Amino acid sequence: MNDNLIKYYHDRAAEYEKIYSRPERQEDLQHAATLLQALFKDKDVLEIACGTGYWTERIAYTARSIIATDINKAVLEIARRKAYTNAAVNFVQADIYKLDSGKKYESLFGGFIWSHVPLQELDRFIATVNAQVKDAGLVVMMDNIYVEGSNHPIVYTDEHGNTFQERKLEDGTIHRVLKNFPSADFLKEKMQGIAKDMQVIILPYYWIMVYTL
Ligand SMILES: C[S@@+](CC[C@H](N)C(=O)[O-])C[C@H]1O[C@@H](n2cnc3c(N)ncnc32)[C@H](O)[C@@H]1O
């Protein structure tokens, strides 16, 4: 993950959650929230790249505790201002790649971060994520499926096969953002030999990958 991406999410912090108000995605978002609440029921959760806490808020209804982390102070400030029901929620500013792997969690959630990991860094990302989780622990990742007309078009593909979009913020700045859209087969192949009990749930706008270690 590069500095451009981190700056983009810093600059987007205040307008970030507008993405969750798209009318065509409401049914999927509700479906995903219900699913995540069932998966994380009574669990201690490490959340990576939590952003403004949209999913933290939803998972908190059923989880026991959440340590929610993100590299960007600007998004964490927004997340910290929200009220969380039921779970004990704590926010920590942290780079995914510099998390303390001495402490292991019984479960981990990463929403909309996989798509921003360059293909050539995915193995390191997966190893880093899994290192945070206890044996037999649960890992859940969620991200976008490319839907013409709902997602920004792909404007560029690099030599590794990474795809890029151009996104405009409300201040008028245009950012070229790495955004990959893996297929269910790609995810299954990538996790072969690493993940147990793997499932990829495909909704019209999102995929949700669930596995244990
Ligand atoms: C697409 S947003 C997802 C936010 C949130 N999970 C959600 O689904 O609403 C991606 C987030 O990843 C964070 N991020 C990017 N690189 C990171 C890194 N190396 N370590 C931790 N967080 C990172 C950004 O700050 C941003 O908040």
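This is a predicted model: local features need pLDDT of at least 70, side-chain atom pairs count only at pLDDT 80 or more; totals for chains, interfaces and linings use all residues.

Which of the 19 residues around the ligand come nearest?

1. **Around the ligand.** The nearest of the 19 residues around the ligand are Ala49, Gly51, Ile71, Asn72 and Gly111. Helix 1 gives the most, with three residues. Sorted by class, the shell holds 14 nonpolar residues, three polar ones and two charged ones.

2. Please look next at the open sheet of seven strands, whose order is 3-2-1-4-5-10-9 and whose pairing is mixed. Strand 3 (88–93) and strand 9 stand at its edges; each has a single partner strand, so one side of each has no neighbour in the sheet. On average, neighbouring strands here are turned by 15° against each other, direction ignored.

3. **Helices on this sheet.** Helix 6 (residues 184–191) packs on the sheet and touches strand 9 and strand 10. The direction of helix 6 makes about 165° with that of strand 9. Helix 5, for its part, lies across strand 1, strand 4 and strand 5, and runs at about 130° to strand 5.

4. **Strand 10 and its partners.** Strand 10 (residues 206–212) is joined to strand 5 (residues 133–144) by seven bridges, and the two run antiparallel. One example to click on is Asn144, whose bridge partner in strand 10 is Tyr206. Strand 10 also runs antiparallel to strand 9 (residues 196–202), with five bridges joining them. Here Ile202 has Trp207 as its bridge partner in strand 10, and Gln199 stands opposite Val210. Strand 9 and strand 10 form a hairpin, with three residues between them.

5. **The nonpolar core.** Which residues have the most contacts inside the largest nonpolar core? They are Val45, Ile59, Ile66, Leu108, Val139 and Val140, in a core of 40 residues. At least two core residues come from each of helix 2, strand 1, helix 3, strand 2 (65–70), helix 4, strand 4, strand 5 and strand 10. Strand 5 supplies the largest share, six residues. As general background, nonpolar side chains tend to be buried together in soluble globular proteins.

6. **A closer look at Val45.** Leaving aside residues up to four places away in sequence, Val45 touches Phe40, Ile59, Ala63, Ser65, Ile66, Tyr105, Ser107, Leu108 and Phe109. Two of these contacts, Ile59 and Leu108, are also among the core residues with the most contacts.

7. Ala74 has its place in helix 4 (residues 73–80). Is Ala74 buried or partly exposed? Ala74 is partly exposed, because 16 other C-beta atoms lie within 10 Å, whereas a buried residue would need 20 or more. The C-alpha atoms of Ala74 and Tyr9 are separated by 8.5 Å, although the two residues are 65 residues apart along the chain. Ala74 also touches His10 and Ala13, not counting residues up to four places away in sequence.

8. **Two backbone angles to check.** Asp42 lies in the loop between helix 2 (26–39) and strand 1 (44–48), and is exposed, with 10 other C-beta atoms within 10 Å. Phe112 lies in the loop between strand 4 (105–111) and helix 5 (122–131). With 17 C-beta neighbours inside 10 Å, Phe112 counts as partly exposed.

9. Strand 6 is joined to strand 7 (residues 163–168) by three bridges, and the bridge partner of Thr157 in strand 7 is Thr163.

Notes
Residues are numbered from 1 along each chain as its sequence is written. A residue is near a molecule or strand if its C-beta atom, placed from the backbone, lies within 6 Å of it. Helices (H or I, at least four residues) and strands (E, at least two) are DSSP runs, numbered from the N terminus. Ala, Val, Leu, Ile, Met, Phe, Trp, Tyr, Cys and Pro count as nonpolar, Asp, Glu, Lys and Arg as charged, and the others, Gly among them, as polar. A residue is buried if 20 or more other C-beta atoms lie within 10 Å of its own, exposed if 12 or fewer, and partly exposed in between; C-beta atoms are placed from the backbone. Two strands pair if DSSP finds at least two bridges between them. Two residues are in contact if their C-beta atoms, placed from the backbone, lie within 7 Å. Axes are lines fitted to C-alpha atoms, for helices over the stretch in contact, and angles run from 0 to 180 degrees between N-to-C directions. A nonpolar core is a set of buried Ala, Val, Leu, Ile, Met, Phe, Trp, Tyr and Cys residues joined through C-beta atoms within 7 Å.
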